[in-house]
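Q: I would like to learn how to read a structure feature by feature. Can we work through one together?

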Amino acid sequence: METYFIAGENMTEAKNVSGFHAVQMNETDQARVCFNFTIGISERKEFYSPNYPRKYPNNTICIKEITAPYGYRIELDFRDNFHLEEANNCEYDYLEIRNGPHGYSDLLGRYCGSSFPPLLRSKDHRLWLKFSSDDSIEYLGFRAVYRFVSIKNFDRPPAEECIFYKGGSDGFISNKDITESMFNYSLKWNEPLDCTWFIEIYTGWKMYLTFQKYQLAQPNNCDLNYIDIYGESLSVDARLDRFCGTATEPQRSNTNIMHVRYFAESEALDGSFTILYTGFRESEHCDESVEFNCGDGTCIEKSLKCNGHFNCKYRYDEEDTICSVGSSASVVLSSEHMIIILVVFFALVFGMCLSISISCYNKIKERKEVEREYRQRRSKYVSMEKDLDEKVSSLDKNLGILMTTQNTRIPVGSQKNNHKETLEEEGDGCHVPEIYFSVFDKHPNGGSSVNRLEDHSPGSTPDSQVAITVLPDGSQHYPFCSYHRVSESPPLPSPPPPPLPHHLRKNREETDSASCLVFVDSKCPKHNRPVALRTHQLEDLEVPSFPQEMVTEAVVELYPNSPGRCRYKYDHPT
């Protein structure tokens with residue numbers, strides 16, 4: 001069934017697509033559906049929504065470009081009807097109009113609902129329009145008319161069209177493709193530079209884009225300069241990504257067609273970039289005779305292997321195991337990224353080595369310092385031990401001298417016994433040794449000087465010597481004798497002798513006690529008591545000076561440092 005509508009005096013044929021969806025049509029049917037919109041009536045400068053004056057079909061997308069003579073602008077107005085599905089932001093059915101020749105040009109407006117749009121004027125001599133409907137709810141649509149209006153005082157010459165076409169299995173896109181005259185035109189007339197690269201490879205293949213170099217004149221200013229990546233069309237909906245900062249990412253297409261757009265205002269024309277595009281076929285099995293397997297489910301042309309560029313996503317086509325040494329080296333050295341990586345790597349290695357060296361040096365220094373402190377402490381301890389040994393040796397020597405003087409043997413009765421003896425009284429006894437005070441200058445408890453005099457105490461013998469101290473009042477003091485007074489209470493028992501040190505005990509054990517026998521002087525300044533010997537060899541003793549009946553008892557003990565190595569303890573009746 002055919003449907004006709006009259007626009008002015010002309011009658012245009014349009015296909016009745018009632019009940020059809022545009023997504024179910026082929027390209028020819030789609031062109032027939034969009035004819036009223038894309039072509040309309042050019043002689044009357046009118047165009048309509050698809051299927052006008054009937055309701056527009058669902059799922060339909062139509063594109064239209066209006067171009068006026070250079071030096072003119074376009075005025076667009078809507079007449080009779082305007083009714084599209086209404087929604088917030090016109091996200092269902094809408095008419096989009098842009099101020100320029102492409103779908104990425106500046107947006108003049110997006111319209112829907114039943115309100116007529118205002119009168120629209122283009123900035124330059126081109127407009128780009130897009131009609132879109134979703135899968136439900138259709139309305140009558142619209143009728144639009146346009147005319148060309150001359151721009152007053154317009155003397156700027158037309159700019160050279162900045163469009164480039166690329167193809168093949170791989171290639172490069174660069175700012176060097178832009179001619180010098182295009183840059184000069186932008187600078188002279190203060191117009192932005194807007195260039196587009198159209199890339200088309202083998203049918204059924206897809207494309208992979210990688211940035212080899214990227215540096216914008218005004219980074220992070222997306223109003224002054226940027227790079228857009230588009231898919232099959234140059235509409236905002238088909239834009240894959242926009243780069244206007246300092247970093248980029250590889251891009252992959254869904255078809256065999258891609259578009260790259262570079263935009264820069266006149267004050268930001270110094271940007272530079274280089275983009276490598278590579279066509280690939282998705283397959284797990286590659287034809288090794290003409291293709292190279294990238295190892296990620298893609299195949300590229302075999303001629304791209306080891307060509308000095310990383311065409312595979314994971315760079316397997318330039319591995320050392322595949323390429324020759326010379327080729328691999330040239331690839332590495334020709335890549336700025338690899339040079340940067342090597343510089344950073346060697347800088348890290350150098351930093352690590354320097355850090356390890358400093359750490360080792362500090363460890364060695366710390367260890368030497370510890371050893372030095374240890375040697376100092378050791379030397380100090382050795383010196384202290386040496387001084388202590390000297391003091392102990394001196395003390396032993398002085399103690400030997402003192403004990404020698406305290407254990408001097410005193411003859412008893414007969415002059416046959418020439419040994420000097422030591423007398424020690426237990427309880428109220430008297431100890432009267434013969435002592436040489438050559439080692440003493442003064443009495444340890446104060447008083448006058450010590451005199452070495454004959455013992456003039458009562459009952460002393462001419463051959464006995466005792467130590468006396470002359471007190472300040474002229475009296476004499478006998479420090480080694482005890483003065484006993486008659487007391488009704490019994491005397492206190494004497495404490496037991498202190499235990500001998502180990503070395504003295506050893507010497508004592510080595511001394512023959514049976515062979516050591518010393519007689520003790522029985523004379524004392526106050527109490528003169530005869531003494532006798534209590535020993536198992538008593539019957540063998542010859543004591544001519546003391547009658548047996550006058551001797552009470554005497555006990556012989558070993559004393560290793562005395563001249564006779566003996567110590568005597570005696571007792572008497574009182």
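Q: Is Phe273 buried or exposed?
A: This is a predicted model. Buried means under 20% relative accessible area. Phe273 has a relative accessible area of 1%, so Phe273 is buried.

Q: Which ring does Phe273 pair with, and how are the planes set?
A: A pair of aromatic rings is described by the distance of the centres and the angle of the planes. The partner here is Trp197. The ring centres are 5.8 Å apart and the planes stand at 85°. Over 60 degrees counts as edge-to-face, so this pair is edge-to-face.

Q: Where do Trp197 and Phe273 lie in the chain?
A: Trp197 is in strand S13 (residues 193–200), and Phe273 is in strand S19. The pair therefore ties together parts that are 76 residues apart in sequence. Trp197 is buried too, with a relative accessible area of 0%.

Q: How many aromatic pairs are there?
A: The count comes to 25 aromatic pairs. Ring pairs also link residues into a cluster. Among its members are Phe37, Phe47, Tyr56, Phe78 and Phe82. Phe116, Phe131, Phe142, Tyr146 and Phe148 belong to the cluster as well.

Q: Which strands does S21 pair with?
A: Two strands pair if there are at least two bridges between them. Strand S19 (residues 272–282) and strand S21 (residues 298–301) pair in the antiparallel sense, over 2 bridges. Strand S20 (residues 291–293) also runs antiparallel to S21, joined by 3 bridges.

Q: Which residues stand opposite each other there?
A: Glu282 stands opposite Thr298 in S21. Glu291 has Glu301 in S21 as its bridge partner.

Q: Which residue in the hairpin of S20 and S21 takes a positive phi?
A: Gly295 does, with phi near 85°. The hairpin has 4 residues between the strands.

Q: What should I keep in mind about side chains when I look along a strand?
A: In a regular strand the side chains alternate between the two faces of the sheet.

Q: Which salt bridge does Glu282 form?
A: Look for a side-chain nitrogen of Lys or Arg within 4 Å of a carboxyl oxygen of Asp or Glu. Glu282 forms a salt bridge with Lys206, and the closest N and O atoms are 3.4 Å apart. This pair links distant parts of the chain: Lys206 in strand S14 (residues 206–215) and Glu282 in strand S19, 76 residues apart. Lys206 counts as partly exposed at 23% relative accessibility. Glu282, at 44%, counts as partly exposed.

Q: How many salt bridges does the whole structure have?
A: A search finds 20 salt bridges. One of them joins the side chains of Arg143 and Glu46, at 2.7 Å from N to O. Arg143 lies in strand S10 (residues 141–150) and Glu46 in strand S3 (residues 46–48), so the pair ties together parts that are 97 residues apart in sequence.

Q: Are Arg143 and Glu46 buried or exposed?
A: Arg143 counts as buried at 16% relative accessibility. Glu46 counts as buried at 4%.

Q: Which residue forms a salt bridge with Lys130?
A: Asp237 does, and the closest N and O atoms are 2.7 Å apart. Asp237 sits in the loop between strand S15 (225–230) and strand S16 (239–243), while Lys130 is in strand S9 (residues 126–132). The two are 107 residues apart. Asp237 counts as exposed at 55% relative accessibility. Lys130, at 6%, counts as buried.

Q: Which residues form a nonpolar patch on the surface?
A: Leu342, Phe345, Phe346 and Val349 do, with about 360 Å² of accessible area together. Patch residues need over 30% relative accessible area. Val349 is at 31% relative accessibility and counts as partly exposed. Val349 is found in helix H5 (residues 336–406).

Q: What does the chain look like overall, in numbers?
A: Its secondary structure comes to 6 helices and 26 strands. Buried residues make up 39% of the 574 residues. The accessible surface comes to about 34,000 Å², and 52% of that belongs to carbon and sulfur atoms. Take the contacts between residues at least 6 apart in sequence: 65% join residues at least 24 apart.

Key. Residues numbered from 1 in each chain as written. Predicted model: local features only at pLDDT ≥ 70, side-chain atom pairs only at ≥ 80, totals over all residues. Heavy atoms only, no water. Patch = residues over 30% accessible without salt bridge, like charges linked within 9 Å, V, L, I, M, F, W, Y side chains within 5 Å. Areas by Shrake-Rupley, 256 points an atom, 1.4 Å probe, with all protein chains shown as cover. Buried < 20%, exposed > 50% of the residue type's maximum accessible area, 1.4 Å probe, protein only. Contact = heavy atoms within 4.5 Å. Phe/Tyr/Trp six-rings, centres within 6.5 Å; stacked < 30°, edge-to-face > 60°.
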